Amino acid sequence: MERLTLSATQLTPLVDFDYNGRSLKMHGESYPENAAEFYGPILASLRGYLASAVRQQLATVVELEFVYVNSSSTRSLQQLLTLLDAAARDGAIVQVHWIVADDDDSMTELGVDLLADKHALEYRIGKTR
Amino acid sequence: MLNAVPSEERTRTATDLFTYSGAVSASIIAATGESLRARLQSLNVGSQQARKIFSSFVELAYNIIHHGEPEGARDVRIVRCGSIALWQSEGEYHLRARSLISQAKAPSLAERLSGLRELSPEQIRFEFRLRLTNLQYLSSDSASLGAGLGLLTIARNASRPIEYLLEPISQDTDMLRLQIHTVI
């Protein structure tokens, strides 16, 4: 499946979904005017990938490292993680790394808010290795 | 009459740090946000507090955009205007946003704002997570749902309940003046 890449902008994150490599990354800022409009195509693309991922034995690794996420982007990330969790429930192996800077309590809290109720996927909240 | 709480008067020891007044759009938020970050850094504001200030600033600014247009506006290129001021007083940081809001939108916003004032920090966090969970079952992405999480975010960043003021301007318009004041 074709790799999905979007360059980072002032308001939106770098998106690099390497489907063949099963490595999905999002880094940077997220506070676009219309989060649903920005994340819509990303979620649609991800759905396509996950439909086949459920049949695979290999893990999909998702790396999320945000500097700032506004409230409407939080809704979109909730949708994204819900999709990933649903795929994990259907048999896909999904690992989510929510990467935070050392002293960023807000981002750590957001990670907990988004991931604590995702019971099928595996996740880790912390610094980069 | 709409229920409102008057915002506290600024003390004489307040230090103005940053003000924006004018049109509000996403690109303006990006540009002023960047200025604000630079300003906070130059003032050596602690990183945790600086993040909260920035977060509340962005939420307040987007609220001006989302609440700003009058109901049934035929001209979709109406420019939303408002102002956001940041000042420091006695070790705390104050943000005050001012904008106009239509009569139609005012009651539900006032209800949300007054309801938030009753919640403890733990309850605010609970409401936030509850709203987040509920959202996955909804198909529409109306701005009003976004505003719920937005106000909850401002409330989470704050060190005390959000204060707000809603007052009519004149009899010639159905717009009201909205002021939101938060302390970080």
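The legends below describe close-up views of a predicted model.

**View 1. The hairpin of strand 2 and strand 3 of chain A.** Strand 2, which covers residues 14–18 of chain A, pairs with strand 3, residues 23–30 of chain A, in the antiparallel sense, and the pairing extends over 5 bridges. Within this pairing, A:Val15 has A:Met26 in strand 3 of chain A as its bridge partner. The hairpin has 4 residues between its two strands, and A:Arg22, which lies in the turn, has a positive phi of about 55°. In a regular strand, side chains alternate between the two faces of the sheet.

**View 2. Strand 3 and strand 4 of chain A, with helix 1 of chain A.** Strand 3 of chain A is also joined to strand 4, residues 59–69 of chain A, by 8 bridges, and these two strands run parallel. In this pair, A:Ser23 stands opposite A:Val61, a residue of strand 4 of chain A. Together with helix 1, residues 35–53 of chain A, strand 3 and strand 4 of chain A make a β-α-β unit that is right-handed.

**View 3. The crossing of helix 2 and helix 3 of chain A.** The axes of helix 2 (residues 71–89) and helix 3 (residues 105–115) of chain A come within 10 Å and cross at roughly 45°, and the two helices are therefore oblique to each other. The crossing of helix 2 of chain A with helix 3 of chain A is right-handed. On the helix 2 side, A:Thr74, A:Leu77, A:Gln78 and A:Leu81 meet A:Leu110, A:Leu114 and A:Leu115 of helix 3 of chain A. Sorted by class, this contact has 5 nonpolar and 2 polar residues, and no charged residues.

Key:
Residues are numbered from 1 along each chain as its sequence is written. Chains are lettered from A and ligands numbered from 1 in the order in which they are written. This is a predicted model: local features need pLDDT of at least 70, side-chain atom pairs count only at pLDDT 80 or more; totals for chains, interfaces and linings use all residues. Side-chain values use heavy atoms; hydrogens and water are left out. Two strands pair if DSSP finds at least two bridges between them. A crossover is right-handed if, with the strands pointing away from the viewer, the path from the first strand over the helix to the second runs clockwise. Axes are lines fitted to C-alpha atoms, for helices over the stretch in contact, and angles run from 0 to 180 degrees between N-to-C directions. Angles under 35 degrees count as roughly parallel, over 145 as roughly antiparallel, 65 to 115 as roughly perpendicular and the rest as oblique. A crossing is left-handed if the near helix is turned anticlockwise from the far one by less than a right angle, and right-handed if clockwise. Contact means heavy atoms within 4.5 Å. Ala, Val, Leu, Ile, Met, Phe, Trp, Tyr, Cys and Pro count as nonpolar, Asp, Glu, Lys and Arg as charged, and the others, Gly among them, as polar.
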